[in-house]
Amino acid sequence: MYNFDEVVDRKNTSSVKYEEMDINFGRKDLLPFWVADMDIKVPDFMIDILVKRAKHGVFGYTNRMPEFYDAIISWLKDRHGLEVNRENIEYGPGVVFLLNMMIRKFTKEGDKIIIQTPVYYPFYNIIRGNNRIISENPLIEKDGMYTMDFENLKEKASDPDCSMLILCSPHNPVGRVWTREELEELGRICIDNNVLVVSDEIHFDLVFKPNKHIPFASLSDDFKMHSITCTAPSKTFNIAGLHSAFCIIYDQKKMDVYRKELGLLDLNRSNSFSREITQVAYEKGHQWVDELVDYLENNMNFVYDFTSKYIPEVKARKMQGTYLMWLDCRNLGLDTEELDSLFVDGAGLALDSGYWFGDNGKGFMRINLACPKSMIKGALERLKNAILSKGKDQSTQSKECC
């Protein structure tokens, strides 16, 4: 049994989550639940491999040996039923980097790229930053459940200027794990309209039963040839700072294009530590991930029960996957600035504001549950007290006015 309850002091470790709060929230004295990394230590077998590599003392140019690819191939097959060969896999320092590269190499300036909003906010930045046009296919929300709007998707995909769809699977921030039927419908629409599907599957290991992640490329030969998958061990094993990601491209011509660009940028080699830790994580990490997912699910249930009982104005949406919970705060009746102030100034918490993910995220907040339960309990107590205090202030003001 692994211990996920240990509270790790991450201050003064160059952690973005802790050291950059003042940039986004104007303060550093907050409890951070925003950046999507875990406040959980990696297992000892991952630490041991880094120590062993460090003791070797030489850190020259690093190749990826066959056993590195074997570990990835086995993980994808055993946990996700995805058949991949070594020639289908290529390195990238991060998933956002990979998405950037796919946009640059397989679309042209002025093209439209579909995203399903509210969605991971870097999608907006990389589309606009590469002089492409965002085409929104908003998700449909009903009774706390999000589904795809296929009629709208058909309209957007049929635009001759539309060349790509970025799929978020599992979806961040709404926590949906797409069903086979949903993915097949999306895939058929995209193939019929010659729209390349680039599937961001970075959260693919973090799924709660009975839901099951289905790799887009696993659905059919047509789907795998008409798609590119971008993923990484970074979310699963909390190693984002080591910059290890990879893409899966079955179309050899597209793979050749990507590999050529990667080589020109001199980014085609791993660093010494990321190569070692990625391999050992995929070789030995099965039990750790299974226990981690159980722990995350318990955290999710705790937040759901706590808010239902003590903060009914905040509706916690149980997610099917990821460790990022989507909090519906619309019943508080606050605008975006007031909602931010409640969390930051009232509760002393740093969460991702829903509007960061698009206009249809207004009124929501995203909380990161990948941390010891005690940290979440402390955050919810703060939020409860802030809401109670705000309610008392409003009541006092109302009496004074009358």
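A residue is called buried when its relative accessible area is under 20%, exposed when that area is over 50%, and partly exposed in between, with a 1.4 Å probe and protein chains only. The model is predicted, so local features need pLDDT of at least 70 and side-chain atom pairs count only at pLDDT 80 or more, while totals for chains, interfaces and linings use all residues. Residues are numbered from 1 along each chain as its sequence is written, and side-chain values use heavy atoms, with hydrogens and water left out.

**View 1. Met102 in helix α5 (residues 95–106).** Met102 counts as buried because its relative accessibility is 0%. Leaving aside neighbours within four places in sequence, Met102 is in contact (heavy atoms within 4.5 Å) with residues including Met164, Cys230, Cys247 and Tyr258. Lys254, which is 152 residues from Met102 in sequence, has its C-alpha 9.4 Å from that of Met102.

**View 2. Helix α12 (residues 272–284) and what covers it.** Helices are DSSP runs of H or I with at least four residues, strands are runs of E with at least two, and both are numbered from the N terminus. Of the 13 residues of α12, 10 are buried, so this helix is largely enclosed by the rest of the structure. Among the buried residues are Arg275, Glu276 and Tyr282, and the elements covering the buried residues include α3 (44–56), β10 (245–249) and α13 (286–310).

**View 3. The contact of helix α7 with helix α8.** In this contact, Phe150, Leu153, Lys154 and Ala157 of α7 meet Glu182, Glu185, Leu186 and Ile189 of α8.
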